[in-house]
Amino acid sequence: MVVITDFKQFLKIKSSWILLVGMFLYGIGTGILAPMNAVYMRNGIGLSKFEITSIFSISLLLNMITTIAIGIISDKIKRKKPLPIFACILCMTGLLIYINASTYMATLIGMVFAVAPSGLIMGQFFAMARNHFMTLAPYIYEMAQIWLRATLSVGFFTGLLIGANLFIFGDFKSVLWGNFLGYATLFVVLLFYKEHEAPAPLSSDKSESFSLVMLFALLLLACADALRGLYLPLVVVQLFEEPQLMSYLWSVQAVFELMFMTAAGYWANKFGSKIVIIISSLCALTTYLVYSINPPLWVFFLVQPLYSFFVSVLYGVAMGYVQRMFNTRIGFGSSLYVFLSQTAALIGYLLPFLISGYQPRIFIIPSILVSTAFLLMVVHLIINRSKEKITLIQSVHEDNNYS
């Protein structure tokens, strides 16, 4: 099979194992904390809904500023590796403050240092990886990056299971220390990675035309996902009163996400990224509508595979799509995608204030966001194909007239 052959070639790429291990460990660290973060602020520290949202929003806003600012200048920097290394140090410092926080202000300071540099880590790590794969394996660099992103999902899945067990046998502090170790191990792995400083060969044949409409649609999709990421744990805890359920629920998502990510990459190469993104948005819409009707717990688990396909496309196919819009500026393209997801998260955190409490009807909001994105993408695709047909017809007529 082509997939097996390509994957064997991928594993033979020099230093690919270091990149894979780094992503895996980073995924473990983020997976340990992700489902528990908002719950810890509410139950462990005793913060209100407004305080929790303000902490997430302020730290994320600073994260956005850092990410896009570094993205703009990163392509002029010969060596990118020091950037994520320094960011890891700041994140670990922030987590040490966060672990010992007992007030709103201490929590805010800890989260600012723990979160603000994290976008820099993701953006520049994938920029280094893209340059690495384009240099050493230009024939499979798109799939190589998707497999690297899939490794992050494997780590995230592993972290979810570890986090759930740490919470059961320990407490919230154990979960936070697990997140700290994730950054620490990524720091060590980056020290061993030898960066390719030479610019990667360009692949203009695979570049995408710039589309503000598609970027806005992706922003709406990411907004919906960010809203779910923050509020689904709170809704599930309120409905079923067991915080560890979210770790198990996200574990199911991560397993199927891993299964779908490779398939989604090949489907995008065959049918086009836009088509795959549009289909995945329908899966997300179905999931949000199910969430909003207050279903029993088993239904939450049942719809996770649908959402996994959406996530695998949003964070695999869509990432490559945005990067190809800026094919000659790898660092900026990678950072822009992270910036889009951060902007989406900020909007997603604030929108639920339109609905009080943590009721399932909150998920009507992401349903509206996804529906809007779907319509924008479909109209954009139809218009583009109509233009292509007109251009083709005009070209044929010109050839006939010339003959």
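Here is a walk through this model, from the overall fold down to a couple of residues.

The model is predicted, so local features need pLDDT of at least 70 and side-chain atom pairs count only at pLDDT 80 or more, while totals for chains, interfaces and linings use all residues. Residues are numbered from 1 along each chain as its sequence is written, and side-chain values use heavy atoms, with hydrogens and water left out.

Start with the big picture: the protein has 16 helices and zero strands (DSSP runs numbered from the N terminus, H or I of at least four residues for helices, E of at least two for strands). Of its 403 residues, 57% are buried, meaning under 20% relative accessible area with a 1.4 Å probe, protein chains only (exposed is over 50%, partly exposed in between). Look at contacts (heavy atoms within 4.5 Å) between residues at least 6 apart in sequence, and 85% of them join residues at least 24 apart.

Now go inside. The largest nonpolar core holds 130 residues, and F133, L148, L221 and Y288 touch the most other members. Such a core is a set of buried Ala, Val, Leu, Ile, Met, Phe, Trp, Tyr and Cys residues joined through side-chain atoms within 4.5 Å. Helix α10 (residues 212–240) gives the most to this core, with 18 residues. There's also a second, separate core of five residues, including L60, M64, A226 and L346.

Finally, find T151 in helix α8 (residues 141–169). T151 counts as buried because its relative accessibility is 15%. Setting aside residues up to four places away in sequence, T151 touches L20, M23 and F24.
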